[in-house]
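Dear colleague,

I am passing on a structure that you have not seen before, and below it I set out what was found in it. Please read the notes with the structure open beside them.

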Amino acid sequence: MKRLVPALAALLGLGAIGAIALLLSTRRMVVEGRSMEPEFQPGDRVLVNKLAYLRSAPARGDVVVVQRAGDASPHLKRIAFVPGDEVEAGSGRRRLGPGEYWLLGDNPAESTDSRQLGPARREEIAGKVLFKY
Amino acid sequence: MNLLSPMLRALDRLSPPERVSAHCDIPCGIYDPHAAQVAALTVLRMNQLIKALDRSNADLAAMQIARYTQTKESHAELCKKELDILWHDYFRPEHLEKYPDLHTKFWMANKLASRNKQSIDEQAANDLLNAVNEIAEIFWATKNVPTRRGPSNQTAGGEFVYPAN
């Protein structure tokens, strides 16, 4: 019993630290609109890791929150192409430069994305979706 | 779902999650309830055509019923889709403050669209058109655009809400 109490306290402490770390490093977000259907429906809630790209670069296939310069609202998109990839832009084929990411909606018919807006800069990618909850 | 989901859902109740947009995200800002109104009127027209059908030739009547029903079904679905775009892409929390029954109106209109799929009921079709018109009035009011109700000027009859400016 004497050994159990400190062990439980340590466990609770670790849990609390973990919960605080989770809260500080993530954003809870609710999806609006259909551009990421079918995987993400309007009203779906997602947990977004704000620190996902501190150590590693955004990767093809990641679903990310992008906050473009001059646009107040964050958007949900998927990374289709990464620096070095060739993309079909409006003005013809071009190669993405360092820090440039081509973002597309999963539902292209109802999405405005890099096809119209061009690539996003790495610093505009505000986080990576971890899971729906 | 995830092991953390209950905790995160509980947190959402304490402080709502941020909104992340996944719609036509320019945003284009182009919304109009007219598409839902036309879809609702089409549902009404299909009810009228089914009711007025000449059934003397059974085969022909069966084929026509199938065509009318298919159109009634697809336009009821289209009506729901158009309503939903207004509901979750156009309307914002400040609109809800001014029109607290907004969610109920959309909810009931969607249910009416479903009822129209399930039945041959001209009254339900008229109710759907009226529900969509009421939403159209709210929509234009949020843009400070005055409206008037007037005849649809279509074979189906019925009224539309029009912007009056």
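Strand E1 of chain A and strand E1 of chain B (residues 18–21) run parallel and are joined by four bridges, where strands pair if DSSP finds at least two bridges between them; helices (H or I, at least four residues) and strands (E, at least two) are DSSP runs numbered from the N terminus. Within this pairing, A:Glu32 has B:Ser21 of E1(B) as its bridge partner.

This is a predicted model, in which local features need pLDDT of at least 70 and side-chain atom pairs count only at pLDDT 80 or more, while totals for chains, interfaces and linings use all residues. Residues are numbered from 1 along each chain as its sequence is written, chains are lettered from A and ligands numbered from 1 in the order in which they are written, and side-chain values use heavy atoms, with hydrogens and water left out.

In the interface as a whole, 26 residues of chain A are in contact with 26 residues of chain B, contact meaning heavy atoms within 4.5 Å. The area buried between the two chains is about 2,600 Å², with 55% given by carbon and sulfur atoms; buried area is the accessible area (1.4 Å probe) that two parts lose on being put together, summed over both. On the side of chain A, A:Arg28, A:Glu32 and A:Tyr133 lose the most area to chain B, together 29% of what that side buries.

Four salt bridges are counted between chain A and chain B, each a side-chain nitrogen of Lys or Arg within 4 Å of a carboxyl oxygen of Asp or Glu, and one of them joins A:Arg45 to B:Asp12 (2.8 Å, N to O).

With best regards
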